[in-house]
Each structure stands twice: as C-alpha cells, then as structure tokens.
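Please keep the sequence and the model open while reading.

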Amino acid sequence: MRNHLIISGLALAAATGTASAQEACSTYEIQRGDSLRELAIAVYATEDYRSIYDANRDVIGSNPNIIRVGDILTFPCLEDLGREALVPDTEAGRIAAEMAAELVKAAEERAEKAIAAAEARVAAAEAEAQKASEDAVVAAKAAALEEIEAARAEGAALIRDAKGGERPEVRDRQILMITGGNYAPFTDEALPNRGLYTNLVETAMLRAAPEQPYKIQFVNDWSSHLDLLMPTLAFDATFPWSRPNCDAADGLSEKDRTRCETYNFSNPFYEVVDTFFAKGGSGYEQTLTYSDFAGATICRPEGWSLSHMDAVGLYEPAITLMRPVSPDDCFHAVMDGTADIVAIEAHLAVEAIGRLGYEHQIIENPNLAAIKSLNVMTHKDNPDGEAVLETLNQGLAIMQQSGEWRDIVSTALRYQMENG
C-alpha cells in the first residue's frame with residue numbers, strides 16, 4: 001500500500017506551485033503545497049472550492065482541509081456545474097481573481113512576520129536580562145513597549161492596505177487561530193491532537209462548518225498573543241483564555257478591564273479549578289481564609305487573569321505580585337524562597353510539580369479554589385470575530401448534545417493520568 005503524505009488544506013509552507021495549468025474536465029494528481037482553494041482559483045477562477053470537494057468526497061474524505069499528496073482529483077466540466085467558464089475576458093475580472101488569492105497570502109505573511117518578530121524580541125530580552133542591571137532592565141522594557149506600539153501601527157497599516165480590495169467573507173477565506181504550548185493537558189504540540197482544548201476547537205469547527213478552512217498556529221510566548229498578535233489582527237482568534245467577570249468591571253484590575261473592553265468571548269469550552277500552591281510547612285498550604293495571605297509574595301504567570309484574586313482582595317499592596325513568563329519560574333521561586341505562593345490552574349500545577357521534581361514539597365491548598373471557564377477570544381476590531389465565535393459556539397453545542405465533548409475530554413484526561 002502506498003504511503004500518503006498528509007498536508008494542510010491551506011498549505012502555508014508550500015514548496016511548489018499549485019495547478020496553474022489545470023483545466024476543467026480533467027484529472028489531477030495532488031502535489032506538495034496544493035490546497036483546494038488554490039486549485040479552485042487556478043481551474044475555475046474562484047475561491048469557492050466546493051465543486052471540487054463535492055466531486056471528490058470519496059477521495060478526500062470528510063475534512064476538506066486535509067488532502068493527500070498523490071491522490072487523484074477529478075475537476076468537473078463547466079457544463080456539469082451548470083455555468084460558463086468563470087475565467088473572465090476582461091482585465092478587471094482577471095485582477096479581481098488574483099486579488100482574492102493575494103489577500104489570503106498577505107494575511108499569512110503578516111502572521112508569520114508578527115510571530116517571528118515577537119519571538120525574536122522575547123529571545124533578545126531573555127539574553128539581555130541575564131547580564132543587565134536593574135536600570136537596564138527597566139530601559140529594555142520601555143524599549144520593548146515602544147516596539148510593540150510600532151508593530152501595532154505597522155500591522156494596522158498592512159490591514160488597511162489589504163482592504164484596497166474587497167475583504168472576503170469569512171467562509172471564503174482561511175480562519176487563523178493562535179494558541180501556545182506547555183499547558184497540559186489543554187494545549188501542547190507534543191500531546192495527542194495537540195491537547196484537549198485544541199481538539200475541542202478543531203472538532204467544533206468540523207461539526208459546525210466542515211468546509212471552512214482554518215489553521216491553528218502555536219506561539220509559546222502567551223503574552224505576545226494579547227500584546228501584539230491579536231491587536232494587529234494577524235490572527236482571528238486565540239485560546240484558551242479565562243473570561244473575567246466583565247459584568248462587574250469596577251472590581252477588576254486594569255488588565256482584566258482592558259480584556260473585557262477589547263475582546264469578545266466564546267461560550268466556555270472547559271472549566272478549570274484555579275487554586276493556590278505553597279511549600280509544605282509554610283502554613284499557606286492549609287489556611288482557610290484569603291486574609292492569611294496578606295503580606296505574602298504570590299506568583300502568577302504573565303498573561304493570566306487576576307480577576308479571582310482581585311475579587312478576594314489579593315492585590316497590591318496587600319500582597320506582592322510576581323509575574324514571570326513561565327509557570328515553571330513560579331514553582332522555582334517558591335522553592336528558592338523568593339515567592340510564598342503560586343496561584344495557578346490545578347491541572348497545569350500537578351503536571352509541572354511532577355516534571356520539576358517538587359512532589360510532596362509544593363502542596364495545593366484545598367480550601368481556597370475558584371472555578372473558571374476557558375474560552376476562545378476574538379478582537380473586537382476584527383469584523384469577522386463574531387462570525388468566528390458563532391461558528392465555534394454552534395460546533396460546541398453539537399458536540400455537547402451528541403456526547404462527543406465528553407468523549408474527547410475523558411480520553412484526554414485518561415491519557416494525562418496514564419502518562420503524567
């Protein structure tokens with residue numbers, strides 16, 4: 001049996017061109033880098049690839065985003081589609097067809113450039129922090145903020161330029177979503193299906209809109225999602241994030257108020273227990289009241305919502321707040337005495353404590369916990385944001401009604417228990 005190489009239907013890393021010389025009423029062998037959308041543009045001068053998909057469902061299968069190198073596709077004749085050739089005789093018509101493909105390519109290029117820039121800045125900041133004085137660190141942070149603002153302005157300009165042509169409907173273009181790793185069991189490229197939450201999002205897309213192209217990109221610098229990549233509209237959605245209590249904005253921190261004002265949220269795909277961990281024997285691991293945390297140094301990773309802590313009075317100056325990039329840094333800080341408490345989600349904490357070798361040394365406080373939802377977020381400036389969330393919410397409802405949601409969750413949690 002021939003081994004097939006499976007490629008993404010959007011093929012962002014295409015190494016070869018698409019079937020620019022193909023015609024209707026012919027067959028075609030799928031090449032590396034092909035996608036149904038690009039084939040439809042080449043053969044029929046339209047991004048609507050449904051005619052190709054409908055004629056080849058037995059070859060492609062149930063997911064049009066996945067096509068296999070070496071499979072043979074049949075391109076329907078124009079008369080079978082009940083229309084004349086869509087390739088226009090006019091120069092204006094030809095340019096319109098080319099613009100449709102160029103808009104998708106431009107969005108992909110903006111996303112790749114934004115990711116590369118964000119990751120480069122993070123690497124440079126980490127190297128600089130190891131040798132810089134306190135004053136130099138402050139200066140580096142200020143410079144980074146200036147760079148972020150400049151990148152936002154540049155991204156906004158790119159988007160405005162792209163609107164020189166008509167923006168495609170969301171169903172006619174690829175949806176770009178972003179998440180990050182090191183968040184077991186929810187999101188990590190090393191996990192089955194790239195994590196429980198990633199699997200839920202992908203399945204929701206498939207159930208609600210099986211013909212909708214999409215791509216999920218991993219960028220492990222979580223703070224860059226909200227500081228740079230989403231505000232520049234390089235991506236349509238990001239996950240998973242907790243939704244602050246936006247109905248009581250007056251009691252929220254500035255960052256949580258900004259999140260409520262800037263983003264729209266999907267229905268909850270999953271709920272987690274957010275709790276506190278401390279070194280055994282410190283007393284913090286068994287206290288019954290939040291007031292006993294007064295004066296303590298509490299570590300919570302950068303980008304994580306502070307809404308549940310704000311609601312119970314755990315904000316500065318009542319406590320000292322530490323915000324490293326990595327959750328692992330919080331557990332190291334507790335062990336070396338620079339922090340007293342880690343405020344974090346329970347699933348992630350159990351995995352990290354075991355992996356770092358801190359079992360029986362860092363202990364969960366079982367008395368002070370809060371249940372929080374994990375949601376998909378879209379930026380309010382994105383004109384397609386609400387349509388993306390509506391699609392995901394529809395898919396989630398279908399999964400919950402059919403029992404598929406429960407099956408996905410139980411399978412992922414069982415794997416996590418068996419593999420640590």
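A crossing of two helices is left-handed if the near helix is turned anticlockwise from the far one by less than a right angle, and right-handed if clockwise. Helices (H or I, at least four residues) and strands (E, at least two) are DSSP runs, numbered from the N terminus. The model is predicted: local features need pLDDT of at least 70 and side-chain atom pairs count only at pLDDT 80 or more, while totals for chains, interfaces and linings use all residues. Residues are numbered from 1 along each chain as its sequence is written, and side-chain values use heavy atoms, with hydrogens and water left out.

**Helix pair H10 and H11**

- H10 (residues 327–336) and H11 (residues 346–356) make a right-handed crossing.
- Their axes come within 10 Å and cross at roughly 60°; axes are lines fitted to C-alpha atoms, for helices over the stretch in contact, and angles run from 0 to 180 degrees between N-to-C directions.
- On the H10 side, Pro327, Asp328, Phe331 and His332 are in contact (heavy atoms within 4.5 Å) with Leu348, Ala349, Ala352, Ile353, Arg355 and Leu356 of H11.
- This contact has seven nonpolar, one polar and two charged residues, where Ala, Val, Leu, Ile, Met, Phe, Trp, Tyr, Cys and Pro count as nonpolar, Asp, Glu, Lys and Arg as charged, and the others, Gly among them, as polar.

**Salt bridges**

- The whole structure holds eleven salt bridges, each a side-chain nitrogen of Lys or Arg within 4 Å of a carboxyl oxygen of Asp or Glu.
- Asp274 pairs with Lys372, with 3.1 Å between the closest N and O atoms.
- That pair joins strand E9 to strand E13 (residues 362–379) across 98 residues, and both partners are buried (under 20% relative accessible area; exposed is over 50%, partly exposed in between; 1.4 Å probe, protein chains only).
- Glu404 and Arg207 form another salt bridge, at 2.8 Å between the closest N and O atoms.
- Glu404 is in helix H13 (residues 404–419) and Arg207 in helix H6 (residues 196–208), 197 residues apart.
- Arg207 is partly exposed because its relative accessible area is 36%.
- Glu202 meets Arg194 at 3.3 Å, N to O; Arg194 has 23% relative accessibility and so counts as partly exposed.
- Asp54, Arg57 and Glu211 belong to a network of salt bridges.

**Loop residue Leu288**

- Leu288 sits in the loop between strand E9 (270–279) and strand E10 (297–299).
- With a relative accessible area of 63%, Leu288 is exposed.
- Beyond neighbours within four places in sequence, Leu288 is in contact with Asn367 and Leu368.
- Leu288 and Leu368 are 80 residues apart in sequence, with 6.9 Å from C-alpha to C-alpha.
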